[in-house]
Amino acid sequence: MPSDGRAPEEIAGLCARCLHVHVIENRRGSRFYRCRLAEVDPAFPRYPGLPVLSCRGYVPAEGVVTPSAE
């Protein structure tokens, strides 16, 4: 959960629950939501402005998205 007490869904919107998201967390605890659809379709931004409230590429993910350290 972010340090300001808000849930990831409040900060990232749909990206927090999307199949196409790649969550990157750095050593300082910042989270970045990268859209994997941007790799194959330039219409999708690599790092969308948050919160994302509507997206034509949104697909609900099964389970919880786990951040990766980079």
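Analyst: Let us begin with exposure: buried means under 20% relative accessible area, exposed over 50%, and partly exposed in between, using a 1.4 Å probe and protein chains only. This is a predicted model, in which local features need pLDDT of at least 70 and side-chain atom pairs count only at pLDDT 80 or more, while totals for chains, interfaces and linings use all residues. Residues are numbered from 1 along each chain as its sequence is written, and side-chain values use heavy atoms, with hydrogens and water left out.

User: What makes E39 and R34 a salt bridge?

Analyst: A salt bridge is a side-chain nitrogen of Lys or Arg within 4 Å of a carboxyl oxygen of Asp or Glu. The closest N and O atoms of E39 and R34 are 2.6 Å apart, and the pair is counted as a salt bridge. R34, at 16% relative accessibility, counts as buried.

User: How many salt bridges are there by this rule?

Analyst: The count comes to 3. Among them is the one between E25 and R31, whose closest N and O atoms are 3.0 Å apart; E25 is partly exposed at 26%, and R31 is partly exposed at 31%. The side chains of D41 and R56 also meet in a salt bridge, at 3.3 Å from N to O. Both D41 and R56 lie in the loop between β2 and β3 (68-69), so this pair ties together parts that are 15 residues apart in sequence.

User: How do you know that β1 and β2 pair?

Analyst: Strands are DSSP runs of E with at least two residues, and helices are runs of H or I with at least four, numbered from the N terminus. Two strands pair if DSSP finds at least two bridges between them, and β1 and β2 are joined in the antiparallel sense over 5 bridges. They form a hairpin with 5 residues between them, and G29 in the turn has a positive phi of about 95°.

User: Where is H22 placed, and what joins its side chain to that of R36?

Analyst: H22 is in strand β1, which covers residues 21-25, and H22 stands opposite R34 in β2. The side chains of H22 and R36 are joined by a polar contact of 3.0 Å, a term for a pair of N or O atoms within 3.5 Å where, within protein, one must be able to donate a hydrogen and the other to accept it, and residues adjacent in sequence count only if both atoms are side-chain atoms. H22 has a relative accessible area of 16% and is therefore buried.
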